Amino acid sequence: MKFAIVFVALFVLATAVPIDDSSQAQIIRLDSDVKPDGYTFNLETSDGKTHQEEGQLKNVGAEDETIVVRGSFSFVADDGQTYTVNYVADENGFQPEGAHLPNVGTH
C-alpha cells in the first residue's frame, strides 16, 4: 500500500502542472510529505498556478481500504480570470466544485 501512495503522489505531481514547451513558468514553491498512511503537497508556479492536495488512507488494514484525496488547484485562464477547483476523490469518485463548473447536484 505504501508503494501505491507514493505512486499516486508522484503521478499527481507529474500531472498537476502541464508542461508547455513555450512556457517559461518556474516552480516557486514545492512542499511534499509522504507518510505510510497519507501524503500532502503544495505547489506554486510563477505563472499563477497553485495546487494543494492531501491523501489519507481510510479503513487501514481492512478489505475496503481506500485513499481519500482532498485538494484544490487554481490557474489563470486566457481571459485573465483566476479559476479555482476544489475536489474530493474517494470511494464515491472524483467530485470537483468550482464557481465556473456546472452544479450537477446529487440524485
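Colleague: What makes β4 and β5 count as paired strands?

Modeller: In this predicted model, eight bridges join β4 to β5, and the two strands run antiparallel. Two strands pair if at least two bridges are found between them, and with eight bridges β4 and β5 meet that condition. One of the bridges links Gly 71 with its partner Tyr 87 in β5. The hairpin of β4 and β5 has five residues between the strands, and in this hairpin Gly 80 takes a positive phi near 85°.

Colleague: How do you know that β3 and β4 pair, and in which sense?

Modeller: The cut-off is at least two bridges, and β3 and β4 have nine, in the antiparallel sense. As an example of residues facing each other, Glu 54 stands opposite Arg 70 in β4.

Colleague: Why are β1 and β6 said to stand at the edges?

Modeller: The open sheet has six strands in the order β1-β2-β3-β4-β5-β6, with antiparallel pairing. Within that order β1 (27-35) and β6 (93-97) each have a single partner strand, so one side of each is left without a neighbour in the sheet. From one strand to the next, the twist averages 10°.

Colleague: What joins β6 to β5?

Modeller: Five bridges join these two strands, which run antiparallel, and β5 and β6 form a hairpin with two residues between them.

Colleague: Which backbone atom does the side chain of Asp 90 reach?

Modeller: The side chain of Asp 90 reaches the backbone nitrogen of Asn 92 at 2.8 Å, and the limit for a polar contact is 3.5 Å. Leaving aside neighbours within four places in sequence, Asp 90 is in contact with Ile 67, Val 68 and Gln 95.

Colleague: Why is Asn 59 called partly exposed?

Modeller: Buried means under 20% relative accessible area and exposed means over 50%; Asn 59 has 35%, which lies in between, and is therefore called partly exposed. Asn 59 sits in the loop between β3 (50-58) and β4 (66-76), and has a positive phi of about 60° although it is not a glycine.

Note on methods: Residues numbered from 1 in each chain as written. Predicted model: local features only at pLDDT ≥ 70, side-chain atom pairs only at ≥ 80, totals over all residues. Heavy atoms only, no water. Polar contact = N/O pair within 3.5 Å; in protein donor to acceptor, adjacent residues only side chain to side chain. Contact = heavy atoms within 4.5 Å. Helix = DSSP H or I, 4+ residues; strand = E, 2+ residues; numbered from the N terminus. Buried < 20%, exposed > 50% of the residue type's maximum accessible area, 1.4 Å probe, protein only. Axes fitted to C-alpha atoms, helices over the stretch in contact; angles between N-to-C directions.
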